[in-house]
Amino acid sequence: MSVAVLGSGAFGTALAISLAGNGPVTLWSRNAEQARHMQDSRENTVRLPNVTLPDEILVTADIQDAVASDVLLLAVPMQKLRAALMEHATVLAGKTLVACCKGIELSSGLGPISVIQQTIPDARPALLTGPSFADDIARGLPTALTLACADGDLSETLQTELTTANLRLYRTTDVIGAELGGALKNVMAIGCGAAIGAGLGDSARAALMTRGFAEMQRFALMRGARPDTLMGLTGLGDLVLTCSSELSRNYRFGLCLGRNRPFDSQTTVEGVATARAMADIAAAEGLDMPISATVADLSHGTYSVPQAIQTLLNRPLKEE
Ligand SMILES: NC(=O)C1=CN([C@@H]2O[C@H](COP(=O)(O)OP(=O)(O)OC[C@H]3O[C@@H](n4cnc5c(N)ncnc54)[C@H](O)[C@@H]3O)[C@@H](O)[C@H]2O)C=CC1
Ligand SMILES: O=C(CO)COP(=O)(O)O
């Protein structure tokens with residue numbers, strides 16, 4: 001089964017490198033100059049520097065090269081997924097499309113699988129998610145991920161085909177749970193980064209992770225996820241990783257908020273839009289999600305860090 005990756009950012013490049021151990025991989029970039037540079041220099045100097053691209057990777061800006069493959073991995077940010085799909089809707093029709101993004105689309109409140117279903121109705125959608133830094137994958141370090149697909153047979157095929165020497169895939173048919181585990185942990189990572197950045201300490205971070213996880217589960221159950229899915233790699237696993245490592249961009253964004261320092265606006269921080277989407281949906285559904293709402297206000301500049309702390313500490317006392 002041949003594989004192509006659409007999107008040559010940090011994650012797309014890392015996945016292509018790992019998959020190259022299984023055979024030829026096509027890595028598609030929307031930027032022709034960048035594709036040429038990567039193909040010649042054998043490096044993604046912008047998003048994943050200091051890692052050599054194996055010879056098995058063809059980097060191209062020609063979408064026809066990519067859609068010749070059996071499976072297409074979509075490694076673009078969540079808020080860009082719909083535009084990317086719509087731009088190439090004709091050639092993506094009927095394809096197996098594996099979203100690799102983590103987030104909720106702000107304009108629709110939908111996750112990646114639903115966005116694929118809306119834009120390419122006859123595609124076969126799946127999702128690859130879970131705790132993994134692009135840098136770790138690219139360097140060949142061991143990583144375990146979740147492959148989610150509502151079609152059990154396709155799920156097994158993709159699990160086999162996309163497992164590599166350092167990527168171990170677990171499968172699930174709970175696509176809603178898998179989508180939300182990956183999306184919502186980014187919101188909590190921002191909150192934890194802000195707490196550490198503001199000097200609130202590790203105990204505060206543990207409280208935010210635990211109560212944040214309760215919000216993630218509440219939200220996921222409301223949207224129809226299976227109760228145990230978020231206990232796995234896509235929920236708890238990814239929450240632990242991103243709330244405790246400075247390799248996480250969401251966590252680093254939070255650190256900057258907590259320290260009242262600027263953050264590079266070119267860096268992908270999925271949790272900002274997802275926090276807003278999550279807080280808005282929760283409010284509409286009457287769901288109690290104080291940490292998510294606070295992170296949304298903090299990320300969008302409505303709250304200062306001291307205001308956020310006061311808001312959370314002054315809430316009425318309740319049972320755990
Ligand atoms: N970097 C990481 O360690 C991991 C990232 N992810 C997820 O992967 C997704 C992508 O993240 P990164 O690759 O890290 O981001 P990135 O910022 O490094 O790269 C994003 C890429 O998407 C491309 N892109 C943006 N809009 C596009 C469009 N309309 N059409 C085609 N290409 C477009 C950009 O040119 C860029 O190459 C995110 O949802 C992220 O949460 C998941 C796991 C790990
Ligand atoms: O999703 C990730 C790790 O699983 C990457 O996290 P960031 O997007 O915060 O860097």
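Biologist: Which residues are closest to ligand 2, and how many surround ligand 2?

Modeller: A residue is near a molecule if one of its heavy atoms lies within 4 Å of it. Ligand 2 is surrounded by 13 residues, with Lys102, Asp238, Ser248, Arg249 and Asn250 the closest. This is a predicted model, in which local features need pLDDT of at least 70, side-chain atom pairs count only at pLDDT 80 or more, and totals for chains, interfaces and linings use all residues. Residues are numbered from 1 along each chain as its sequence is written, chains are lettered from A and ligands numbered from 1 in the order in which they are written, and side-chain values use heavy atoms, with hydrogens and water left out.

Biologist: Which polar side-chain atom lies 2.7 Å from an oxygen atom of ligand 2?

Modeller: A polar contact here is a pair of N or O atoms within 3.5 Å. The side chain of Lys102 supplies the polar atom at 2.7 Å from a ligand 2 oxygen. A side-chain N or O atom of Lys185 is 2.9 Å from an oxygen of ligand 2, and Ser132 places a backbone N or O atom 3.0 Å from a ligand 2 oxygen. Ligand 2 taken alone exposes 300 Å², of which the protein buries 92%; the areas come from the Shrake-Rupley method with a 1.4 Å probe.

Biologist: Which element gives the largest share of the shell around ligand 2?

Modeller: Helices are DSSP runs (H or I, at least four residues), numbered from the N terminus. H11 gives the largest share, three residues. The elements giving two or more residues are helix H11 (233–242) and helix H12 (249–259).

Biologist: What classes of residue make up the shell around ligand 1?

Modeller: Ala, Val, Leu, Ile, Met, Phe, Trp, Tyr, Cys and Pro count as nonpolar, Asp, Glu, Lys and Arg as charged, and the others, Gly among them, as polar. The ligand 1 shell has ten nonpolar, four polar and six charged residues. Among its 20 residues, the closest are Ala10, Ala134, Arg249, Thr268 and Glu270. The side chain of Arg249 has an N or O atom 2.7 Å from an oxygen of ligand 1. For ligand 1 taken alone, 830 Å² is exposed, and the protein buries 90% of that.

Biologist: At what angle do the axes of H9 and H13 cross?

Modeller: Axes are lines fitted to C-alpha atoms over the stretch in contact, and angles run from 0 to 180 degrees between N-to-C directions. Helix H9 (residues 175–197) and helix H13 (residues 270–285) have axes that come within 8 Å and cross at roughly 105 degrees. H9 is therefore roughly perpendicular to H13 (65 to 115 degrees).

Notes. Parallel < 35°, antiparallel > 145°, perpendicular 65-115°, else oblique. Polar contact = N/O pair within 3.5 Å; in protein donor to acceptor, adjacent residues only side chain to side chain.
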